[in-house]
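Subject: Structure handover

Hello,

Here is the structure for your set-up work. My notes on it follow below.

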Amino acid sequence: MALLPPDPQFVLRGTSAAVHTLRFSCGGREPDVPVLFTGSENGFIHVWNLKTHRVDAALDGHGRKSVYCVETMCGKDRLLSQGRDQRICLWDLAEGRTSVMDSVFTENVGFCRCSLLKVAEGRWLMAMAAKALEEVQVLELPSKTSVCTLKPEVGAKLGMPMCLKLWQLNCGSQPLLLAGYEDGSVILWSLSMGKALSQLVCHQEPVMSLDFDSEKAKGISGSSEKVLSIWSLNEQQNLQVYKKHNLVNAGISDIAIRPDKKILATAGWDHRIRIFGWKKLKPLAVLDYHTATVHCVSFSDHTNPSERLLAAGSKDHRISIWSIYTQT
């Protein structure tokens, strides 16, 4: 008999708004407290203490406009957030501070989450949807110097970029960008050449989310349709369809591959979180707790595998925290 899926380990309540983004910071040593950053539709970023299950701080930097992306930069002392006020804020949270150090005005009206990649100590690349509809701009942080603007070929009709993932094979290699577009395409961009290396039509509808495993050179994307698309990157940097996985219900808001590359989670419009084995995309569990669309999923960065957590944020104002498949 199949095992029944578990209940959440605990639930965080008190955002008073839909939760659109989540990011853990749990990699510190004792007595460093593990935290979860969440961004909500009411413009607040909450810093949750995962020991007390309470809010340690509420950050208000986006003029009460929805926050749809948060990323940690230096453990939990530096935070990047992105909101519907067309601003990306860089926060200084060290020693109890809650101040915006700097910000970038994106001039982009969409809701494409920016992507961050650490390239050296104290240096990051950030990719974001640009002011011009189909373009992606890459900046270096904290200097905010422009690295490149990635423009599709004339007449490509890709529509807006919907999701972005900066990555590099290892520390010294060239950074690359995977971008999912409104027309259902995924494109691999070279930042150094400023041009597209490969394009693959993965979906009939806009690509809502994607994640990529650089070790296996394999990625996964979801859209508003009833299908997950799994694709791979060959040694010539060409994207190829690897397989398709049909879903029971349509609509995937977010996808996250766990850092150990064993499992992945999807956030569904059907209120459910689905867990799959990453190797063969075997369905492992359906986590049915939320009463509205699940907007985001994120795995924790605990160094001890048995402490690993999965968080999901929903339109129902709640954040569910799960301990699942922690034995590798």
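Strand β8 (residues 87–92) is mostly covered: 5 of its 6 residues are buried. Buried means under 20% relative accessible area, exposed means over 50%, and partly exposed lies in between (1.4 Å probe, protein chains only). Strands are DSSP runs of E with at least two residues, helices are runs of H or I with at least four, and both are numbered from the N terminus.

This is a predicted model: local features need pLDDT of at least 70, side-chain atom pairs count only at pLDDT 80 or more, and totals for chains, interfaces and linings use all residues. Residues are numbered from 1 along each chain as its sequence is written, and side-chain values use heavy atoms, with hydrogens and water left out.

**Around β8**

β8 pairs with strand β7 (residues 78–83) in the antiparallel sense, over 5 bridges. Two strands pair if DSSP finds at least two bridges between them. Leu-79 stands opposite Trp-91 in β8. β7 and β8 form a hairpin with 3 residues between them. In that turn, Gln-86 has a positive phi of about 65 degrees.

β8 also pairs with strand β9 (residues 99–105), antiparallel, over 6 bridges. Ile-88 has Val-104 in β9 as its bridge partner. The hairpin of β8 and β9 has 6 residues between the strands. There, Glu-95 takes a positive phi near 50 degrees.

Thr-38 lies in strand β3 (residues 35–40). Its relative accessible area is 0%, so Thr-38 counts as buried. Its side chain makes a polar contact with the side chain of Trp-48, at 3.0 Å. A polar contact is a pair of N or O atoms within 3.5 Å; within protein, one must be able to donate a hydrogen and the other to accept it, and residues adjacent in sequence count only if both atoms are side-chain atoms. Leaving aside neighbours within four places in sequence, Thr-38 is in contact (heavy atoms within 4.5 Å) with residues including Thr-15, Phe-44, Ile-45, Trp-48 and Ile-319.

Strand β4 (residues 44–49) pairs with strand β5 (residues 54–60), antiparallel, over 6 bridges. Ile-45 stands opposite Leu-59 in β5. Their hairpin has 4 residues between the strands, and His-53 takes a positive phi near 65 degrees.

**Open sheet β10 to β13**

4 strands form an open sheet in the order β10-β11-β12-β13, with antiparallel pairing. β10 and β13 stand at the edges with a single partner strand each, so one side of each has no neighbour in the sheet. Neighbouring strands are turned by 20 degrees against each other on average, direction ignored. The axes behind such angles are lines fitted to C-alpha atoms, for helices over the stretch in contact; angles run from 0 to 180 degrees between N-to-C directions. β12 and β13 are joined by 5 bridges. Leu-139 has Ser-146 in β13 as its bridge partner.

**Cores**

A nonpolar core is a set of buried Ala, Val, Leu, Ile, Met, Phe, Trp, Tyr and Cys residues joined through side-chain atoms within 4.5 Å. The largest one has 19 residues. Within it, Leu-150, Leu-177 and Leu-191 touch the most other members. The elements giving two or more residues to this core include β10 (115–120), β13 (145–150) and β16 (185–190). A second, separate core of 16 residues includes Ile-263, Ala-267, Tyr-289 and Val-294.

Leu-150 touches Val-136, Val-138, Leu-177, Trp-189 and Leu-191, among others, not counting residues up to four places away in sequence.

**Where the chain ends meet**

Another open sheet of 4 strands has the order β1-β28-β27-β26, with antiparallel pairing. Its edge strands are β1 (10–12) and β26 (294–299), each pairing on one side only. The twist averages 20 degrees from one strand to the next. β1 pairs with strand β28 (residues 319–322) over 3 bridges. Leu-12 stands opposite Ile-319 in β28.

Asp-7 sits in the segment before β1. At 65% relative accessibility, Asp-7 counts as exposed. Asp-7 and Tyr-289 are 282 residues apart along the chain, yet their C-alpha atoms are separated by 7.5 Å.

**Record**

In the model, residues 200–241 are 0% helix and 60% strand, with end C-alpha atoms 8 Å apart.

Best regards
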